[in-house]
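Please read them with the structure open beside the text.

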Amino acid sequence: MSADPVTETQLLRGAPVAAALRARSLASSSLLRDNLGVVPTLVTLHVGADPAALAYRGSIERSMAKAGVEHRGITLPPTTSAEGLIDAIAALNADPLVHGVLILMPMPPHLSLEIAAEHLDPMKDVDGVTPTNAGRLHLGLPALRPSTPQGGIELLDHYGIEIDGRDAVVIGRSNIVGKPMATLMTMRNATVTSCHRKTVDLAHHVSQAEVVAVAAGCPGLIRGDMLREGAVVIDFGINVIGDTIIGDVDAASVMGVAAAYTPVPGGTGPVTVMVLASNTIAAAFASLASPVEADRRPLAPSELDALS
Ligand code: ADP
């Protein structure tokens, strides 16, 4: 006989968060288009034909149109050399009509995001992958932030979930999700534990956390019986299993244990793409500043707000 659920689990859906971000982006992109003649433009660059990358591009394309951002997809053949990729990035860096560049993953094994990122103009780096933006983020300076973890923060803020002073665990330490998520929550005064593949007792760490953020690419990694009762669970996992997409959290088992959790699909995903749109608009605004004034840095979202 199972006990009654002790907690009513709130679903933190991404749609209303994305809608709020979209409204702000539309207002800013109209300002750019109508008053300054600038069409904020994002290029997604992909090498090869990976289905997950192309599915992500499809969702970016649909979302950008709704946020007033132009999208162009560029696909290079899977045989593209590192030099060929760097040349393509250099051409995008030099194109004044392109404000943001997102390199879609995964790439063929002979290429690496780290090498590509070394060559991307930090002013166009709308997913915060360049050493400049990653470094600036870690130093607490204005930067273009990685869209997925920034979306997780936007989601928590939208639903009024406190970060300050809470014990948080981040599972995964990738450069684009786990590591920046740990930094962003530290910046917001959470006490953060970073877990990864080599963590000895993941269940122990998770059981202590008030906020659990998971980006491990491992379906079902986090179960309700691992959680502290009343924890908030942010699931960044996107695992394609046959025709369905599931997260890193075993959704059924967290119901009645977690205070709140982000469903997959429909949780963090829609917010990620809207952060990408607002980063592209911020990059377009930053491109207008004179080289002297610009100080070679992109505007932070708070600075963008001050402009609009
Ligand atoms: P993503 O792009 O979603 O962040 P990556 O594949 O780049 O995913 O990184 C996966 C991260 O998840 C790595 O930091 C890895 O250590 C962590 N991870 C993967 N499997 C486990 C696991 N079973 N337990 C804890 N951490 C894990």
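1. Gly 160 comes after helix 6 and has a positive phi, near 70 degrees. The model is a predicted one, and this should be kept in mind for every value in this note.

2. How many of the 12 residues of helix 6 are buried? The count is 10, so that helix 6 is mostly covered, a residue being called buried when its relative accessible area is under 20%. The buried set consists of Ser 147, Thr 148, Pro 149, Gln 150, Gly 151, Gly 152, Ile 153, Glu 154, Leu 155 and Leu 156. The cover over these residues includes helix 1 (15–36), helix 2, helix 7, strand 8 (232–235) and helix 10.

3. Helix 3 (residues 82–94) has 13 residues and a distance of 18 Å from its first C-alpha to its last, close to the 18 Å expected at 1.5 Å a residue. Its buried residues are Leu 85, Ala 88, Ile 89 and Leu 92. Why do they fall on the same side of helix 3? They do so because the arc they cover around the axis is only 95 degrees.

4. The opposite face of helix 3, turned away from the buried side, carries the exposed residues Glu 83, Asp 87 and Ala 94. On the buried side, the covering elements include strand 2 (41–47), strand 3 (70–76), strand 4 (100–103) and helix 4 (113–119).

5. Strand 4 also holds Leu 102, which counts as buried because its relative accessibility is 4%, under the 20% limit. Setting aside neighbours within four places in sequence, Leu 102 is in contact with Leu 42, Val 43, Thr 44, Leu 45, Tyr 56, Ile 60, Val 126, Asp 127 and Leu 276. The C-alpha atom of Leu 102 is separated by 15 Å from that of Val 177, which is 75 residues away along the chain.

6. Val 177 is also one of the residues around the ligand, the others being Ile 171, Gly 172, Arg 173, Ser 174, His 196, Arg 197, Ala 215, Ala 216, Cys 218 and Leu 221. On the nitrogen side, a ligand nitrogen atom lies 3.4 Å from a polar backbone atom of His 196. The ligand has 570 Å² of accessible area on its own, and the protein covers 71% of that area.

7. Some backbone geometry deserves a second look, since most residues other than glycine have a negative phi, and most peptide bonds are trans. The peptide bond from Met 105 to Pro 106 is cis, with omega near 0 degrees, and Pro 106 sits in the loop between strand 4 and helix 4. A cis peptide bond also runs from Val 264 to Pro 265, with omega near -5 degrees, and Pro 265 belongs to the loop between strand 11 (260–261) and helix 10 (268–288).

8. Asn 189 is not a glycine, yet its phi is positive, at about 70 degrees. It is part of the loop between helix 7 (178–187) and strand 6 (191–195). Is Asn 189 buried, exposed or partly exposed? Asn 189 is partly exposed, because its relative accessible area is 45%, between the limits of 20% and 50%.

9. Thr 130, in the loop between helix 4 and helix 5 (131–139), is buried, with a relative accessible area of 1%. Beyond its neighbours within four places in sequence, Thr 130 is in contact with Ala 117, Leu 120, Pro 122 and Asp 125.

10. Lys 66 belongs to helix 2 (residues 51–67). With neighbours within four places in sequence left aside, Lys 66 is in contact with Arg 22 and Leu 26.

Terms used: Residues are numbered from 1 along each chain as its sequence is written. This is a predicted model: local features need pLDDT of at least 70, side-chain atom pairs count only at pLDDT 80 or more; totals for chains, interfaces and linings use all residues. Side-chain values use heavy atoms; hydrogens and water are left out. Helices (H or I, at least four residues) and strands (E, at least two) are DSSP runs, numbered from the N terminus. The expected span of a helix is 1.5 Å times one less than its number of residues. Buried means under 20% relative accessible area, exposed over 50%, partly exposed in between (1.4 Å probe, protein chains only). The arc is that of the directions from the helix axis to the C-beta atoms. Contact means heavy atoms within 4.5 Å. A residue is near a molecule or strand if one of its heavy atoms lies within 4 Å of it. A polar contact is a pair of N or O atoms within 3.5 Å; within protein, one must be able to donate a hydrogen and the other to accept it, and residues adjacent in sequence count only if both atoms are side-chain atoms. Accessible areas come from the Shrake-Rupley method with a 1.4 Å probe; for residues, only the protein chains shown count as cover.
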